[in-house]
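Colleague: I would like a close look at a single part of this protein. Please take the open sheet and what surrounds it in the chain.

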Amino acid sequence: MSNTLYYGDNLHVLREHIADESVDLVYLDPPFNSNANYNILFKSPEGQDSDAQIEAFEDTWHWNDSAEEAFDDVMKSGNTAAFDLLNAMRSFLGENDMMAYLAMMAVRLIELHRVLKPTGSLYLHCDPTASHYLKLLLDGVFGATNFVNEIVWKRSQTRSSISRSMRKAHDTIFCYAKSSDYFFQLQYRELSEASKKLYSKIDDKGNYRLVPLLVSGKRGGITGQPWRGINPNVHGRNGMHWVTVHEKLEKYEKEGLIYWPTKDGGQPQLKYYLADNPGVPLNDFWDDVPIMPSSSPESLGYPTQKPLALLERIISASSNEGDVILDPFCGCGTAVHAAEKLDRQWIGIDITHLAVSLIEKRMKDAFPAIAFEVKGRPQTLAAALDLAERDKYQFQWWAVSLVDALPYGGKKKGADGGIDGIIYFKPDGKKTEKAIVSVKGGKNVSVNMIRDLHSAMEREKAPIGIFITAALPTRPMEKEAAAVGTMESAVTGRKHPRLQILTLAELMQGKKPDIPWVDASVLKSAKREDSSKQGTLI
């Protein structure tokens, strides 16, 4: 299975592309039903206008035909326990926003259960908004006996005072297994400084502490028998015994790990080195993986972005190298980034072109030699026109990605001033300029659209404008564009058209805008990973 990023509704992708029992680990960080809109922040280069925000997704659900269809799909799924729970919730909640959210989640959890291998696990990340309902749904889909852990992640360090409630500082991560035969590898957190100080002795192998080889209590087996002239039963009021068998004690002795006291009657002790201590076994309260501030080098400006260390821990605990990791609500791609870093295969799904484009850039920045597929994008002009009719904004975000532009504006009417994307570049290698992009997906275009773009160029002081059109441009449009003139590169001396018309057909065949010294580094870049070693989190 190759690494694959899907654009589309995860329910459809799961049903059409992901085979039964083909996935080792599912991590999902779905919308929390917070009734909020979330924006992604794109940083402008120094000296340019203020940073731009685009609405990444709307976390609001309503009971409508889609919710009713999801509810019916659960009814028809054959999972009677899941449907009985969902139906009981509907009786209690009624047909409201929360019920719409739960119906959406229930039908997807059933599909995720289907694609998991018998040895697989699922981690669902949520907050208190709907966690109590989601745990019941997980019991229904996976079976209550397959509940593994409820992990509390302390995500906030805020100290702001809230007058009528305690401050909210954690998320919940539910872990469920497909069966009792699930894979799990215990994880460890780093020893405290106080614990490290206990390893106060030192030799040529490093710091160590002494651990008793004799412990209290008589034993009738080999551990209660004398070894090297020491009878454990004569030590202590009630006798003692060796912590392990004689064969293992001899191995310790041969390796020079036993400390023999010089005083008569002293007990031998084992040298336990700090380097051999894996740390403190992890419990279900995680307060050592803080959420990222916006100033963090890891932050990409995406709402709800989770720390890479959090996903590395989950993936390390419940999968092996080469296993398949699935994230059906991919967002900015932290799960697939962690999977690639830890040498796993991965599948990511997201319903917005904005997220898919961000993940593509993130993965290529972090892993320059990476190879993966992107599926679900328009591959033909007809498919592109269909997307334009179905969703204007998804079409615009996809179209601007064809010219490596940052999306601009958003869904508020008139907010973009006729601008759908921005390309920053340095014509002299020093000063940053911008090209503005206008996208038209309709069947009819006119010369007035070229004039509008020219006006926007003048207003924004942009030396270049890019007009992307699904329809063929008219001759008057081409003449109007040519009349805007050219700009000359101070470095190469080459002239570049100031207003360029590009058709979707040309772009889909690989044509790019004619811009001098394109510099797309203004999008926050993911840190390049060191492919020579695997990242770990103690």
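Modeller: The model is a predicted one. The open sheet has five strands, in the order β20-β21-β22-β23-β26, and its pairing is mixed. At its edges are β20 (406–407) and β26 (499–503), each of which pairs on one side only. Strands of a sheet pair through backbone hydrogen bonds, either parallel or antiparallel. In this sheet β23 and β26 run parallel and are joined by five bridges. Across from I466 stands Q500 in β26.

A helix also belongs to this picture: α12, residues 392–401, lies across β20, β21 (421–425), β22 (433–440) and β23. The angle between α12 and β22 is about 135°.

The loop between α13 (447–460) and β23 (464–469) holds K461. K461 is not a glycine, yet its phi is positive, at about 55°. Its relative accessible area is 68%, and because exposed means over 50%, K461 counts as exposed.

R228 sits in the loop between β11 (214–216) and β12 (240–242). With 47% relative accessibility, R228 is partly exposed.

Together with Y182 and L186, F184 makes a nonpolar surface patch of about 250 Å². F184 itself is partly exposed, at a relative accessible area of 40%.

Note on methods:
Residues are numbered from 1 along each chain as its sequence is written. This is a predicted model: local features need pLDDT of at least 70, side-chain atom pairs count only at pLDDT 80 or more; totals for chains, interfaces and linings use all residues. Side-chain values use heavy atoms; hydrogens and water are left out. Helices (H or I, at least four residues) and strands (E, at least two) are DSSP runs, numbered from the N terminus. Buried means under 20% relative accessible area, exposed over 50%, partly exposed in between (1.4 Å probe, protein chains only). Patches are made of residues with over 30% relative accessible area and no salt bridge: like charges are joined within 9 Å, nonpolar side chains (Val, Leu, Ile, Met, Phe, Trp, Tyr) within 5 Å. Accessible areas come from the Shrake-Rupley method with a 1.4 Å probe; for residues, only the protein chains shown count as cover. A salt bridge is a side-chain nitrogen of Lys or Arg within 4 Å of a carboxyl oxygen of Asp or Glu. Two strands pair if DSSP finds at least two bridges between them. Contact means heavy atoms within 4.5 Å. Axes are lines fitted to C-alpha atoms, for helices over the stretch in contact, and angles run from 0 to 180 degrees between N-to-C directions.
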